[in-house]
Amino acid sequence: STAPVVLDTETANLYKFHNTLLTIQFYNGGEFGYCLPIRHPESPFSEKDLKQIAIALQDFLNPDSSYPFIVGHNLKFDYTILLCNLGVVMNVVLFDTLAGAFLLDETHTREEDEAEEAGTKLGGYSLGSQIRLFDYREEWYFSAKNNRGNLLNESLAYVAEYGVGDVVLNWEVFRCQLEEAREQGYSNKWRNLLISFYSPQIKLFAHMEINGILIDTKYLKVLMDKENSPILKHIDKLLEELKTL
């Protein structure tokens, strides 16, 4: 079957909004990863070129593409950045290894030596933490990751090397997670949760963060009514059922 594609973005800072998309990286398990410079100061593309890139990228991120899904880590951030900077909608299935890590181990925390090496910047489910978990010790990469909030001031060669490292190592995390899910006898449920549950959530929340959401205020009052709220009634019913287990 056709391999999935790992996608990642590098930005001027770590903000979800008012942020500049520097580069987009791709990898699908081949010999090379690819870096597409967008608004990095050394990018050869003009704003006019970016309109054509956005059209091509939108075509690439459609359900009829030849690959089965997009892999990424914390894809809601990347989706928000693509929406804000290029207006690109990710219509394909999204396979987030951040959610995958949580599903495989809901209580994972950083090991002590890992916390000392990474400081407080890499959480238990971060890509850096997952890379270390599967014993990929690329020290140049971790040094660059601790500098990821300052990439606007780095050369394009530096940003490209780090960014491609992100997608190549994310591929290894994806591969290792898939193997671990198989070892747990959990691979089908794990994959279905990521594709059918988390993928739509990522898309929904990314759009909500940018556009907000329409709310029926009259029905909202019903949902908040302590006497008539169907949500509160359902919670009470669930609590009663739990007591019998």
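User: Which residues of α7 does α3 meet in this predicted model?
Analyst: The model is predicted, with local features requiring pLDDT of at least 70, side-chain atom pairs pLDDT 80 or more, and totals for chains, interfaces and linings using all residues. Numbering runs from 1 along each chain as its sequence is written, and side-chain values use heavy atoms, without hydrogens or water. On the α3 side, the contact (heavy atoms within 4.5 Å) involves T97, G100, A101 and L104. Their partners in α7 are N170, V173, F174, Q177, E180 and A181.

User: How many residues of the contact of α3 with α7 are charged?
Analyst: Five residues of this contact are nonpolar and four are polar (Gly counts as polar; Asp, Glu, Lys and Arg as charged). The charged residues number one.

User: Is α3 roughly parallel or roughly antiparallel to α7?
Analyst: Helix α3 spans residues 97-104 and helix α7 spans residues 156-183 (DSSP runs of H or I, at least four residues). The two pack at an angle of about 30°, their axes being 10 Å apart. Because of that angle (under 35 degrees is roughly parallel, over 145 roughly antiparallel, 65 to 115 roughly perpendicular, the rest oblique), α3 is, relative to α7, roughly parallel.

User: What relation does α2 have to α8?
Analyst: Helix α2 comprises residues 75-86, and α8 comprises residues 187-211. They pack at about 45°, with axes 9 Å apart. The relation of α2 to α8 is therefore oblique.

User: Which residues of α8 make the contact with α2?
Analyst: From α2, the contact draws on L75, K76, Y79, T80, L83 and C84. The α8 side consists of I202, K203, F205, A206, H207, E209 and I210.

Notes:
Axes fitted to C-alpha atoms, helices over the stretch in contact; angles between N-to-C directions.
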